[in-house]
Every structure is written in structure tokens, then in C-alpha cells.
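Here are my notes on the model you sent. Please read them with the structure open.

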Amino acid sequence: MRIIIVKDYEELSKKAANVISGQVILKPNSVLGLATGSTPLGTYKSLVKMYKEGVVDFSKTITYNLDEYYGLAKNHINSYNYFMDKNLFSHINILKENIHIPNGEAHDIEAECVLYEQSIEKSGGIDLQLLGIGRNGHIGFNEPDLTFEALTHMVKLDKDTIEVNSRFFENIDDVPKKAISMGIKTIMRARKILLLASGIEKAEAVYKSIKGKITPDLPASVLQLHPDVIYILDEDAASLLSRDKE
Ligand SMILES: N[C@@H]1[C@@H](O)[C@H](O)[C@@H](COP(=O)(O)O)O[C@@H]1O
């Protein structure tokens, strides 16, 4: 596990964009696993800038998003489809047919999950998976649980996650209670994982995921078992990591 600590969010975003564009430059037909949330916004902005400057070309790149809310239409302002289009896809030259996001409106959710996994496999597997981390240690929408969840599946969102994510909705009751998410196993199959965390409210989850017990109770702790993980943290998110030395 490589841990890179940077001064602030801006530096974190630039570093993360460098790692992602490096991957795409070295392998133009890379399969990227992408994330939503506030944390990767700066990274996507930097990637758009790099694309506009001609540094990176996404014409052969394939993407799979981690998750999508259940029951939200693709063009709903709070859907992750909408988020990705607004913040990344509409600004770069990725082909529409190379973009994959779980269909939160699928009638047969189980079949949708199986298809999503098959599609990832057919594309050759994920080369680089981008992750944020929830305050409760969730990755994707894999909430703390008794077991590590397996493949893409329907999840019930935690009260805490609904509360935190309600900042994007008009009303907390509008936040979907369920989502479709890649499972821990899907994430762990990625060849390389890049986790970003910024801000003091992430410090505890970051600390536990790196130095704590490997337990489904803190889903990100499973990353300790992955052979190629990079954490990019700003000073606040990394602030508890030095506490063992004090
Ligand atoms: N499903 C997403 C996660 O993929 C994300 O990592 C997390 C943290 O979001 P933020 O980056 O806004 O703190 O929020 C959501 O629940």
C-alpha cells in the first residue's frame, strides 16, 4: 500500500488526475472504475483540463461506475448518471458506448447486477479503480456489514449515508434508501486501486482502513489485502495516521 499525503484538496486532485491520465496514456484502452461524491470532483476537473490541453485522449477508454441510486431516472439531477455526465463525460472524448453505470431503473435488478459483472469481465477487468470513502468506511455503497459483500448487488443505505448524502437533495426523504453497487469482490478484482480522502471528517475512517482490523464493519479495511493500492490523502484526512507514534 502506498500512502501519499499532500497539503490540500487541490494538490490531491492534481495528483489523482496524474495517476489516472498516466494509466490512460500508457494504455489508451484502459478500463477505469469511477466514483462519485464530492471528493473526485477536483480530479475530474483536472482530467478535463488535461484533455483540453491535449495531454490525454479518452477515445479508447472504457469506464464502469461504482454505483447508482435505485429508482432514480438517468436524467434525474441527483443520479450518478447525471453527475458523471455533468462533471466528466460531457467534457471529454469518451465514446457513449464505452460508459457503464448500473441502471437504477432496471426492472430485474438481479439480472442487471449479473450483466454488469459480465460486462466488466468482457471488457477485460478493471485496470484502475478510483474510490472515495464514506465517514463510516464504506466504499462504493458497500456499507458496514457482517460479511464482505461479494459482487454487484442491491444495497440498503445506512442512516448515516442517507443523512450525509441528503446535502445534495432538497429533502432527506427524497434520498433513495437503496442503491446498486459494485461489491467488495468487484472492487478487489481491480488491478490497481486509487483511494482519495480529503478533510478531517474522513480521518477516522482513513485511519481504521489502513491501521485497523480487517473487518466488514469497516469495508475499506479490506484494501489492506489488495496488492496494489494507492491512498492520496490531504493533511486533514491523514491526521490520525501519526497518532500511533505519539
Ligand atoms: N457512493 C458514494 C461513495 O462512492 C463516496 O465515496 C462517498 C463519499 O462521498 P464524498 O466524497 O462526497 O465524501 O459517498 C457516496 O456514498
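This is a predicted model: local features need pLDDT of at least 70, side-chain atom pairs count only at pLDDT 80 or more; totals for chains, interfaces and linings use all residues.

1. As background, strands of a sheet pair through backbone hydrogen bonds, either parallel or antiparallel.

2. E3 and E5 run parallel and are joined by two bridges. Look for Tyr64 here: its bridge partner in E5 is His100.

3. Strand E10. Is this strand enclosed or open, and why? E10 covers residues 229–234, and five of its six residues are buried, so the rest of the structure largely encloses it. On one pairing, E1 (residues 2–6) joins E10 in the parallel sense over five bridges. Arg2 stands opposite Ile230 in that pairing. E9 (residues 192–197) also pairs with E10 in the parallel sense, over five bridges. There, Ile193 is opposite Val229 of E10. From E9 the chain passes through helix H7 (residues 203–211) to E10, and this β-α-β crossover is right-handed.

4. Helix H7. Which residues of H7 are buried? They are Ala203, Ala205, Val206, Ser209 and Ile210. Viewed down the axis of H7, these buried residues fall within an arc of 165 degrees, so they line one face of the helix. An α-helix has 3.6 residues a turn, so residues three or four places apart point the same way. E1, E9 and E10 are among the elements that cover the buried residues of H7.

5. Helix H3. This helix spans residues 80–87, and its buried residues are Tyr80, Asn81, Phe83 and Met84. Seen along the axis of H3, they fall within an arc of 165 degrees, so they too line one face of their helix. What do the buried residues of H3 pack against? The answer is strand E2 (31–34), strand E3 (62–65) and strand E4 (67–69).

6. Tyr9. This residue lies in helix H1 (residues 9–26). Is Tyr9 buried or partly exposed? Tyr9 is partly exposed: 19 other C-beta atoms lie within 10 Å, and a buried residue needs 20 or more. Leaving out residues up to four places away in sequence, Tyr9 touches Gly42, Ser198 and Asp234. Asp234 belongs to the span of E10, residues 229–234. By C-alpha atoms, Tyr9 and Asn75 are separated by 29 Å, and they are 66 residues apart along the chain.

7. Pro176. Where does Pro176 sit? Pro176 is in the loop between helix H5 (159–165) and strand E8 (178–181). Pro176 is partly exposed, with 18 other C-beta atoms within 10 Å. Its contacts, not counting residues up to four places away in sequence, are Tyr69, Tyr70, Gly71 and Leu72. Pro176 and Gly71 are 105 residues apart along the chain, yet their C-alpha atoms are separated by 7.2 Å.

Conventions: Residues are numbered from 1 along each chain as its sequence is written. A residue is buried if 20 or more other C-beta atoms lie within 10 Å of its own, exposed if 12 or fewer, and partly exposed in between; C-beta atoms are placed from the backbone. Helices (H or I, at least four residues) and strands (E, at least two) are DSSP runs, numbered from the N terminus. Two strands pair if DSSP finds at least two bridges between them. A crossover is right-handed if, with the strands pointing away from the viewer, the path from the first strand over the helix to the second runs clockwise. The arc is that of the directions from the helix axis to the C-beta atoms. Two residues are in contact if their C-beta atoms, placed from the backbone, lie within 7 Å.
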